[in-house]
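I set down here, in order, what I looked up in this structure. Each entry is brief and keeps to a single topic.

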Amino acid sequence: MLEYIPYGKTGYFNQLVVDFLAEEPQIKPFYAYSPVKPDFAAAIKARQQFNTPRTALVAALQQQYKNLEPVKAVQDNIASLLEERTFTVTTAHQPNIFTGYLYFVYKILQTIKLCRELKQQYPQQHFVPVYYMGSEDNDLEELGSIYLEGKTLTWSAGQQGAVGRMQPDGLEQLISQVKDTLGYAPHAGELIALLRKAYLEHNNIQEATLYLVHELFGRYGLVVLVPDNPDLKRLYIPVMKDELFHQASHTIVNDTLAQLEAHYKVQANPREINLFYLQDGMRERIVQEGEQWKVLHTPLKFDAATLEKELETHPERFSPNVILRGMFQETILPNIAFVGGGGEIAYWLELKGLFAHYKVPYPVLLLRNSLLLTDEMSKQRLDKLGITTAELFQSTDDIVNGYVKKHTNATLVLKEEYAVIEKLFDALEEKARSIDVTLVASAGAERSKALKSIGKLEHKFLRAEKKKFAWQTDQIKQVKNKLFPGGSLQERKENFMPWYAAEGPAFLDRVLEALTPVTDQFIILS
């Protein structure tokens with residue numbers, strides 16, 4: 001069963017996301033296509049006018065996939081990228097261990113479903129879903145933990161640099177903890193076997209993630225792109241060279257930020273140089289000091305000539321940060337749409353001017369689907385209490401208070417009493433005005449005190465009445481904590497594994513069926 005709530009009514013999305021979906025006038029200049037009624041035909045036309053390096057892209061992908069079990073849907077999609085009529089829909093995420101958050105699965109499945117729907121709308125074209133792996137990210141604190149059945153499991157990697165290049169040492173112990181947590185669920189055994197194969201039989205995290213995602217989503221034709229690749233980075237040399245020597249992005253993006261900041265909190269600030277220097281165990285910023293370029297926290301430094309030679313010889317050692325990453329993706333892929341979360345949408349809105357400067361087509365931006373997965377027991381409890389799933393998006397206190405007020409026999413809202421106080425002090429203020437106008441302020445102050453006193457009494461009445469609803473309150477708290485762990489959206493906390501262990505691949509099919517690739521509605525899936 002499916003229910004829908006507008007994102008703006010959930011209380012879990014910031015104003016920028018809500019305004020983006022509503023296409024408010026102050027945000028429209030920062031993107032190219034409607035996020036709820038996108039003109040895909042226009043995006044396709046714009047893409048056709050850009051010289052996508054298809055041959056090099058396909059060669060790099062075939063190299064990445066050479067050691068993986070062939071899946072015809074994937075092989076066909078990779079081969080089709082050579083054709084001018086083939087376009088991609090892309091989502092991006094870092095290689096979190098064991099996929100990280102539930103929404104990782106949602107983003108990928110939404111990308112797959114959008115490609116299917118586009119094929120129906122534009123049968124003369126072909127559409128390939130792509131997961132672009134942000135394997136050069138070095139935020140191990142976020143990428144190295146998962147939340148499973150109420151516990152946070154953390155990988156003590158003891159390594160530095162790009163997470164994708166880290167060796168999966170020590171993950172065997174974590175997989176054993178996952179096994180203990182999942183217990184004897186119907187598909188737990190096959191899932192644990194998959195994790196062992198992925199992480200214990202591959203050299204690094206990006207290879208492990210490539211294998212895992214291929215095993216989970218390959219049957220849908222999903223293509224995984226690992227951008228940490230010299231042949232792909234070579235395609236981006238012109239932009240990286242311009243960044244190192246002319247630093248145009250700093251000025252262009254700051255101009256955009258000056259306009260955005262009038263309405264919203266900025267997501268990402270550009271550096272003078274928006275590239276890192278990347279080697280095994282190290283990813284550090286590049287800064288220019290006079291006629292030299294230095295790699296922070298290292299003895300490495302270059303002059304103009306040696307820097308240019310380094311870039312030409314080893315483009316894989318240069319890693320775009322958040323400001324330049326998106327344009328790298330759009331340079332190497334024939335992409336027409338990008339599926340991202342609220343944070344990703346926020347920083348993409350900073351980049352439209354940068355894309356225009358380098359004459360790279362700016363894609364359709366789509367907010368990733370958000371889902372709440374409800375279970376049978378929680379549904380039964382809510383039905384018994386007469387509470388809808390949609391009401392759970394309120395705070396626990398608000399849900400409980402609303403329930404008590406709805407079901408109590410006592411009059412807990414003192415509307416009449418408030419009205420009496422207001423009427424009394426209206427008369428007192430009138431009398432004060434007739435005696436001495438300076439007394440009106442005193443009467444007003446006493447009115448405020450009296451209203452506060454009534455408010456305190458109202459609160460005490462409610463607190464006393466709530467004690468009569470102890471078991472209902474306990475039930476509400478249990479359901480809320482289960483479906484909104486830690487007060488967060490389920491998808492931003494939980495991992496997909498408990499559901500997969502219970503249902504197997506059918507879980508992915510069930511979610512895929514429920515998704516609406518272009519929408520402004522939050523989905524509740526029972």
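I was working with a predicted model, in which local features need pLDDT of at least 70, side-chain atom pairs count only at pLDDT 80 or more, and totals for chains, interfaces and linings use all residues. I also noted that residues are numbered from 1 along each chain as its sequence is written, and that side-chain values use heavy atoms, with hydrogens and water left out.

I placed Tyr199 in helix 8 (residues 188-200); helices (H or I, at least four residues) and strands (E, at least two) are DSSP runs, numbered from the N terminus. Setting aside neighbours within four places in sequence, I listed the contacts of Tyr199, among them Asn96, Phe98, Thr99, Pro168, Ile205 and Leu212; contact means heavy atoms within 4.5 Å. I also checked Glu149, which is 50 residues from Tyr199 in sequence and 21 Å from it in space, C-alpha to C-alpha.

Thr99, one of the contacts of Tyr199, is not a glycine, yet its phi is positive, at about 80°. I found Thr99 in the loop between strand 2 (86-93) and helix 5 (102-121). Thr99 is buried, with a relative accessible area of 5%. Lys359, also a residue other than glycine, has a positive phi near 55°. I located Lys359 in the loop between helix 16 (352-358) and strand 13 (364-367). With a relative accessible area of 67%, Lys359 is exposed.

I noted that the axes of helix 11 (residues 237-245) and helix 13 (residues 304-313) come within 11 Å and cross at roughly 160°; axes are lines fitted to C-alpha atoms, for helices over the stretch in contact, and angles run from 0 to 180 degrees between N-to-C directions. Helix 11 is therefore roughly antiparallel to helix 13, the term for angles over 145 degrees. I recorded the residues in contact: Ile237, Met240, Lys241, Leu244 and Phe245 of helix 11, with Ala304, Leu307, Glu308, Leu311 and Glu312 of helix 13. I sorted the residues of this contact into 7 nonpolar, no polar and 3 charged; Ala, Val, Leu, Ile, Met, Phe, Trp, Tyr, Cys and Pro count as nonpolar, Asp, Glu, Lys and Arg as charged, and the others, Gly among them, as polar.

I found an open sheet of 5 strands in the order 10-9-8-7-11, with antiparallel pairing; two strands pair if DSSP finds at least two bridges between them. Strand 10 (301-302) and strand 11 (318-320) each have a single partner strand, so one side of each has no neighbour in the sheet. Strand 7 (residues 275-279) and strand 11 run antiparallel and are joined by 3 bridges. I saw that Tyr277 stands opposite Phe318 in strand 11. Helix 11 lies across strand 7, strand 8 (282-289), strand 9 (292-295) and strand 11, at about 115° to strand 7.

I placed Glu429 in helix 19 (residues 415-435). Glu429 is buried, with a relative accessible area of 16%.

Definitions and conventions
Angles under 35 degrees count as roughly parallel, over 145 as roughly antiparallel, 65 to 115 as roughly perpendicular and the rest as oblique. Buried means under 20% relative accessible area, exposed over 50%, partly exposed in between (1.4 Å probe, protein chains only).
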